[in-house]
Amino acid sequence: MFEKPFFVILTNRCNLTCAHCYNELDPFKIIKTKVSDPLSRPRLQFLFQELVKQKYQRGYFSGGEALLRPDAPEILGDARTAGLKVSLFTNGHLFTEEMVNRLTSARLDEVRISLNELAWIKDRRQYELVFERQTRWVPALIKAGIAVGVIYLISRLNIEYVMETLDAVRSMGAGIKVQPLYMPPHEPHADVGARHIAANEWEHLINQVQSMVAATDFAAEADLQVYNNPWKILRYVRFVRDVYVGDHRPDFCPTGPILVLDSDGYFHPCLFRFDLVAGHISDDDTVRTLASRISCHEDLRTAPCFREECLSAYR
Ligand SMILES: C[S@@+](CC[C@H](N)C(=O)[O-])C[C@H]1O[C@@H](n2cnc3c(N)ncnc32)[C@H](O)[C@@H]1O
Ligand code: SF4
């Protein structure tokens, strides 16, 4: 069943400086504050209560690195208490035993760990080191009852490791989502981006995923609670290949409008259009009317603005 979701950027601060980070590439994001976290916990509690009344069901909490906020686990717990399902996007570097315990106490539903560094690896040794480090906490999270999904950014440097990562992650009981690495043409190292993957490499990957789908026991897939369908991966990789190789574009926005709250308190109707604003969290009236402010955002409902970075949000 489709869940009505919303996004909260808890902080724009981060402990990493990924060369590909949207937050650094988007001119509307780089002017946002990265030194403080203006969203107050009481105001977020009010927001969660109002969103439940407006039939929102799941909150995706992201950043920057959301776990840098000292009270992040407790905020996630507030969202659960309000009656929402809660997912956390993280780079996975701040997990400790104490952090896993706090996330468990918060009754977090799922964690999505991004394998950001894997997009930049140079050889197998680096692949193994990074993969081992980034998935070290997966068993503890699953044992604590938190579903885990891993995000694999496909780049020109790591496309050959996609299939073994799919297998390894799934054998841990976690799910996986693949998404292309977006690098704007003017950036240094733009040639690492997915745009520079050759047509035959996409074809090879598609054939491999196709074999995986053919061998999948879909009855057992329900155990992988996040990103649990290899057939969807196949469909998605084909779509990405068509965009890059055939220059295809959907003729309307397939993801938006979606409610996004940035850490400076502004609501936006899209994950990538921070130029469009739907009000501020300090205004009670805005918070009480969010669903209609977002769904009626005509700029996005019929927007022909599907851009390369949107590929990572679209499923
Ligand atoms: C901006 S990060 C914030 C959450 C957290 N810091 C993390 O890295 O997971 C949200 C997601 O966007 C992805 N991302 C950021 N820049 C990207 C890019 N240029 N291309 C593809 N995915 C990107 C990250 O890998 C992550 O999955
Ligand atoms: S960890 Fe996430 S937010 Fe931080 S720089 Fe990397 S992609 Fe951006």
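This is a predicted model: local features need pLDDT of at least 70, side-chain atom pairs count only at pLDDT 80 or more; totals for chains, interfaces and linings use all residues.

Reader: Why is ligand 1 said to lie between domain 1 and domain 2?

Author: Both domains give residues to the shell around ligand 1, so ligand 1 is placed between them.

Reader: Which residues come nearest to ligand 1?

Author: Of the 19 residues around ligand 1, the nearest are His20, Phe89, Asn91, Ser114 and Tyr182. Elements that contribute two or more residues to this shell are α1 (22–25), β2 (58–63), β3 (85–90) and β5 (147–154). By class, the shell has eight nonpolar, ten polar and one charged residue.

Reader: What makes up the surroundings of ligand 2?

Author: Ligand 2 is surrounded by Cys14, Leu16, Thr17, Cys18, Cys21, Asn23, Gly63, Gly64, Glu65, Asn91 and Asn116. That shell divides into four nonpolar, six polar and one charged residue.

Reader: How do you know that the length of helix α9 agrees with its number of residues?

Author: Helix α9 covers residues 199–214, which is 16 residues. At 1.5 Å a residue these should span 22 Å, and the end C-alpha atoms are 23 Å apart, so the two values agree.

Reader: Why are the buried residues of α9 said to line one face of the helix?

Author: The buried residues of α9 are Trp202, Leu205 and Val209. Viewed down the helix axis, the buried residues of α9 fall within an arc of 65 degrees, so they line one face. In general, an α-helix has 3.6 residues a turn, so residues three or four places apart point the same way. The face of α9 turned away from the buried side carries the exposed residues Ala199, Asn200, Glu203, Asn207, Ser211 and Ala214. The cover over the buried residues of α9 includes α8 (162–171) and α10 (230–246).

Reader: Why is tryptophan 202 called buried?

Author: A residue is buried if 20 or more other C-beta atoms lie within 10 Å of its own. Tryptophan 202 has 21 other C-beta atoms within 10 Å, so it is buried. Tryptophan 202 sits in helix α9. Setting aside neighbours within four places in sequence, tryptophan 202 is in contact with Ile197, Arg241 and Val245.

Reader: What makes leucine 108 a buried residue, given that it is found in a loop?

Author: The loop in question runs between α5 (97–105) and β4 (110–114). The count decides the label: leucine 108 has 25 other C-beta atoms within 10 Å, against a cut-off of 20, so it is buried. Apart from neighbours within four places in sequence, leucine 108 is in contact with Leu76, Val86, Leu88, Leu103 and Ile146.

Reader: Which residues of helix α4 are buried, and what do they pack against?

Author: In helix α4 (residues 72–82), the buried residues are Ala72, Pro73, Ile75, Leu76, Asp78, Ala79 and Ala82. These pack against β1 (5–11), α3 (41–53), β2, β3 and α5. Glycine 83 follows α4 and has a positive phi, near 110 degrees.

Reader: Why is the phi of arginine 107 pointed out?

Author: Most residues other than glycine have a negative phi. Arginine 107 is not a glycine, yet its phi is positive, near 60 degrees. Arginine 107 lies in the loop between α5 and β4. Histidine 189 is not a glycine either, and its phi is positive, about 65 degrees. Histidine 189 is in the loop between β6 (175–180) and α9.

Technical notes:
Residues are numbered from 1 along each chain as its sequence is written. Chains are lettered from A and ligands numbered from 1 in the order in which they are written. A residue is near a molecule or strand if its C-beta atom, placed from the backbone, lies within 6 Å of it. Helices (H or I, at least four residues) and strands (E, at least two) are DSSP runs, numbered from the N terminus. Ala, Val, Leu, Ile, Met, Phe, Trp, Tyr, Cys and Pro count as nonpolar, Asp, Glu, Lys and Arg as charged, and the others, Gly among them, as polar. Domain bounds come from an automatic or database domain assignment. The expected span of a helix is 1.5 Å times one less than its number of residues. A residue is buried if 20 or more other C-beta atoms lie within 10 Å of its own, exposed if 12 or fewer, and partly exposed in between; C-beta atoms are placed from the backbone. The arc is that of the directions from the helix axis to the C-beta atoms. Two residues are in contact if their C-beta atoms, placed from the backbone, lie within 7 Å.
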